[in-house]
Amino acid sequence: AAIPEVNKLHTEKERIVRSGTKTLERISMNTKIQLAFPVLVAFLASLSPFMFGIALGYTSPYLVPMTAEMGLSMQGSSAFASVINIGAVMMGMAASKELEAHGRKAALVTTATLFTLGFAMVAMADSLLLLILGRFVTGI
């Protein structure tokens with residue numbers, strides 16, 4: 001049995017494609033949102049690799065001022081710079097099971113939450129331990 005809402009949306013999409021963009025002005029706001037949602041989700045999903053690149057790369061210019069500001073040793077700053085890779089390797093192995101069990105949406109939400117938590121921990125850290133822990137969580 002077909003779902004009427006899905007059939008209506010599918011028919012609305014076909015009508016828009018067949019008649020061109022002028023029809024887009026006459027369709028309801030709800031249908032516009034439903035048409036734009038996959039584009040928004042794809043855009044947000046593409047931000048995940050970008051954010052990981054930012055997380056990997058921001059330490060290079062920031063490490064020297066942070067070391068001076070917080071009084072970190074060479075070993076402490078090296079640990080801060082490299083611990084993200086340990087988190088990434090550890091969770092990379094477990095991520096496939098999460099994807100299979102919960103789906104991509106749950107994985108994206110989990111990743112975004114951990115990135116936010118990790119960056120917040122690094123931003124508010126007042127000790128080397130919190131810096132390293134935040135960086136590890138960012139790598140997860």
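Me: Why is Phe115 called buried?

Reply: Buried means under 20% relative accessible area, exposed means over 50%, and partly exposed lies in between (1.4 Å probe, protein chains only). Phe115 has a relative accessible area of 8%, so Phe115 counts as buried. A word on the background: this is a predicted model, where local features need pLDDT of at least 70, side-chain atom pairs count only at pLDDT 80 or more, and totals for chains, interfaces and linings use all residues. Residues are numbered from 1 along each chain as its sequence is written, and side-chain values use heavy atoms, with hydrogens and water left out.

Me: What makes Phe119 partly exposed?

Reply: Its relative accessible area is 23%, so Phe119 is partly exposed.

Me: What makes the pair of Phe115 and Phe119 tilted?

Reply: Rings of Phe, Tyr and Trp (its six-membered ring) pair if their centres lie within 6.5 Å; planes under 30 degrees apart count as stacked, over 60 as edge-to-face and the rest as tilted. By this rule there is one aromatic pair. The ring centres of Phe115 and Phe119 are 6.2 Å apart and the planes meet at 50°, so the pair is tilted. Both residues belong to helix α5, four residues apart, about one turn of the helix.

Me: What makes the buried residues of α5 line one face of the helix?

Reply: In α5, Ala107, Phe115, Gly118, Met121 and Val122 are buried. Seen down the axis, these buried residues fall within an arc of 135° (taken from the directions from the helix axis to the C-beta atoms), so they line one face. Exposed residues on the other side of α5 include Lys105, Val109 and Thr116.

Me: How do you know that Thr138 is buried?

Reply: Thr138 has a relative accessible area of 2%, so Thr138 is buried. This residue is in helix α6 (residues 128–139). Counting contact as heavy atoms within 4.5 Å, and leaving out residues up to four places away in sequence, Thr138 touches Ala55, Ile84, Leu114, Phe115, Gly118 and Phe119.

Note on methods
Helices (H or I, at least four residues) and strands (E, at least two) are DSSP runs, numbered from the N terminus.
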